[in-house]
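Open the model in your viewer and keep the selection tool at hand. The stops below say what to select next and what is there.

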Amino acid sequence: MSSAEMLVPLKGVVMELLSSEEYLQGKPVPSGEPLMLSLLSALFGLLSDGTVPRCSAWDFLMNSHATMSIDDRSGWRNPTAQEQVTAVLATCGTVGDSRRQALTWLALSLNTASLVDALSSLFRNPALLEAYYTPEAFLASEDNRVSMLQLLRPMLALRFQLSLPALQLEALLGPSA
């Protein structure tokens with residue numbers, strides 16, 4: 001599948017969310033929004049594509065704890081953005097299903113409007129990208145990372161109010177969770 005094709009699901013969900021006048025006028029996007037599982041699934045798919053053996057999207061995302069703490073916040077879209085690794089570990093524990101941990105991180109990052117800044121801080125670190133992704137991975141390409149962030153930036157106009165239990169992540173995790 002081409003990089004452009006891989007972005008189609010994310011683009012569709014983002015465009016649909018941004019077409020909601022209610023959400024654009026400040027109504028929070030709730031856990032029950034039918035598009036939420038599609039959004040989380042699309043993001044997870046891009047972050048999981050081409051991880052090196054014995055590594056997962058969560059292994060990569062955990063590094064946001066460090067990258068966000070040393071990053072120059074002056075260029076951030078949300079200068080008050082907080083890292084979500086600590087909250088994920090408190091919610092899911094330190095040992096567990098890495099898919100659940102990554103999806104929880106994504107949901108919490110949407111809630112705190114920190115997703116774009118957290119991903120940007122990770123994407124600016126070539127050594128991390130090389131350590132966690134194969135050369136064929138979606139995130140191995142700078143153009144793909146830029147495109148992904150460009151799609152996500154407009155979502156900063158939305159407020160997310162996602163309750164983890166109400167999200168029913170099991171629908172994305174499948175039987176092995």
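Select Cys55. This residue is partly exposed, with a relative accessible area of 24%. The model is predicted. Now select Cys92. Cys92 is in no disulfide either, and the nearest cysteine sulfur is that of Cys55. A disulfide needs its two sulfur atoms within 2.5 Å. Across the whole structure, the search finds zero disulfides.

Next, the aromatic rings. The structure holds two aromatic pairs. Select Phe60 and Tyr133 together. Their ring centres are 5.1 Å apart and their planes stand at 80°. The pair is edge-to-face, because planes over 60 degrees apart count that way. Where do the two residues lie? Phe60 lies in helix α4, residues 57-61. Tyr133 lies in the loop between α9 (126-132) and α10 (142-152). The pair therefore ties together parts that are 73 residues apart in sequence.

Stay on these two and show the surface. Buried or exposed, how does Phe60 count? Phe60 counts as buried, at 0% relative accessibility. Tyr133 is buried too, with a relative accessible area of 4%. Ring pairs link Phe60, Tyr132 and Tyr133 into a cluster.

About 80 Å³ of space lies in the largest cavity. To see its lining, select Ser109, Leu110, Ala113, Ser114, Leu115, Val116, Leu152, Met155, Leu156, Leu158 and Phe160. Colour by element of secondary structure. Helices α7 (98-111) and α8 (115-123) are the elements that give two or more residues to this lining. Then colour by residue type. The lining divides into nine nonpolar residues, two polar and no charged.

Last stop: the charged side chains. The structure has two salt bridges. Select Glu22 and Lys27. These two form a salt bridge, with the closest N and O atoms 3.6 Å apart. Glu22 is partly exposed, with a relative accessible area of 47%. Lys27 is partly exposed as well, with a relative accessible area of 40%. Now select Arg99 and Asp97. Their side chains meet in a salt bridge, at 3.1 Å from N to O. Arg99 is partly exposed, with a relative accessible area of 24%.

Terms used: Residues are numbered from 1 along each chain as its sequence is written. This is a predicted model: local features need pLDDT of at least 70, side-chain atom pairs count only at pLDDT 80 or more; totals for chains, interfaces and linings use all residues. Side-chain values use heavy atoms; hydrogens and water are left out. Rings of Phe, Tyr and Trp (its six-membered ring) pair if their centres lie within 6.5 Å; planes under 30 degrees apart count as stacked, over 60 as edge-to-face and the rest as tilted. Helices (H or I, at least four residues) and strands (E, at least two) are DSSP runs, numbered from the N terminus. Buried means under 20% relative accessible area, exposed over 50%, partly exposed in between (1.4 Å probe, protein chains only). On a 1 Å grid over the protein atoms alone, a cavity is a set of points where a 1.4 Å probe fits but cannot get out, and a pocket is an open set with protein on both sides within 12 Å along at least five of seven lines; lining residues have an atom within 4 Å of a point. Grid points are joined across faces, edges and corners, and a volume is the space filled by probe spheres set on the points. Ala, Val, Leu, Ile, Met, Phe, Trp, Tyr, Cys and Pro count as nonpolar, Asp, Glu, Lys and Arg as charged, and the others, Gly among them, as polar. A salt bridge is a side-chain nitrogen of Lys or Arg within 4 Å of a carboxyl oxygen of Asp or Glu.
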